[in-house]
Amino acid sequence: MLFAHDTECGLTAAAALVNTAGPDREGLPDVAALDGFFTTHGWSGRHEHTEVELRQVRALRPRLRRIWDTDTDGVVEIVNTLLRESHALPQLIRHDDEPYHLHAVPRDAPLATRMAVEAAMAVADLVRMNELSRLRHCAHPDCDDVLVDLSKNRSRRFCDGSCGNRAAVSAYRARRAASPS
Ligand SMILES: [Zn+2]
Ligand SMILES: [Zn+2]
């Protein structure tokens, strides 16, 4: 493990949330889709299943995406703003089966607030460790998903989707086309 468990979870969840907002697709079209996202990414605590909550979560996505698109000072500005707006106050807590980890807003704070703060706390760790280069864009030219490279040798280039396979197939075809038959 490169970073603390809650940092890695926070980064992965933030990337997944950003990637639900594609240029030509909506990964969170309704409350049921947000329910699915909530469960898949192991969220717990307050969850209202309402349109208001869905709107707040959707509105967070472009703000988090900017973390992938800006330089270190820009990232720091976003992180500090998210923490300040949410009145973040880090506390070590233990719940369910998890070991002690940091929460900076209460578990009954709105879901979008907790998502924002968890992302901000995780990215703050990256800034402190000078590891922002782990936040990348998928290397496939047709994909604008973001990713978090948590590999030891910093080798990850593609998102969680099928881009790694697509790129391998294109490279194979290109080699076949280039080789004399
Ligand atoms: Zn927790
Ligand atoms: Zn991709």
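Biologist: How are the donor residues of the zinc ion (ligand 2) spaced in sequence?
Modeller: Donors are N, O and S atoms within 2.8 Å of the metal (3.2 Å for Na, K and Ca), and water is not among the atoms, so sites may look incomplete. Along the sequence, the donor residues of this zinc ion (ligand 2) have the spacing C-x4-C-x15-C-x3-C.

Biologist: Good start! Which pLDDT do local features need in this predicted model?
Modeller: Residues are numbered from 1 along each chain as its sequence is written, while chains are lettered from A and ligands numbered from 1 in the order in which they are written. Side-chain values use heavy atoms, leaving out hydrogens and water, and in this predicted model totals for chains, interfaces and linings use all residues, side-chain atom pairs count only at pLDDT 80 or more, and local features need pLDDT of at least 70.

Biologist: What arrangement do the four donor atoms form around the zinc ion (ligand 2)?
Modeller: The protein donors are the SG atoms of Cys138, Cys143, Cys159 and Cys163, lying 2.3 Å from the ion. Four donors count as tetrahedral if all angles lie between 85 and 135 degrees. Here the angles are 105 to 117 degrees, so the arrangement is tetrahedral.

Biologist: How many residues apart in sequence are the parts that Cys138 and Cys159 tie together?
Modeller: Helices (H or I, at least four residues) and strands (E, at least two) are DSSP runs, numbered from the N terminus. Cys138 sits in the loop between strand S5 (135-137) and strand S6 (146-148), and Cys159 in the loop between S6 and helix H6 (163-178), so the parts they tie together are apart in sequence by 21 residues.

Biologist: Is Cys138 buried or exposed?
Modeller: Buried means under 20% relative accessible area, exposed over 50%, and partly exposed in between (1.4 Å probe, protein chains only). Cys138 has a relative accessible area of 7%, so Cys138 is buried.

Biologist: How are H4 and H5 oriented to each other?
Modeller: The axes of helix H4 (residues 72-85) and helix H5 (residues 111-128) come within 9 Å and cross at roughly 140 degrees; axes are lines fitted to C-alpha atoms, for helices over the stretch in contact, and angles run from 0 to 180 degrees between N-to-C directions. Angles under 35 degrees count as roughly parallel, over 145 as roughly antiparallel, 65 to 115 as roughly perpendicular and the rest as oblique. H4 and H5 are therefore oblique.

Biologist: Which residues does Arg65 contact, leaving aside its neighbours within four places in sequence?
Modeller: Arg65 is part of helix H3 (residues 51-69) and is buried, with a relative accessible area of 18%. Contact means heavy atoms within 4.5 Å. Apart from those neighbours, Arg65 is in contact with Val18, Asn19, Ala21, His137, Asp144, Asp145 and Val146.

Biologist: Last one: what share of the residues of the protein count as buried?
Modeller: The protein has six helices and six strands. Of its 181 residues, the share that counts as buried is 40%.

How values were computed. Four donors count as tetrahedral if all angles lie between 85 and 135 degrees; four count as square planar and six as octahedral if opposite donors are over 155 degrees apart and all others between 65 and 115; anything else is irregular.
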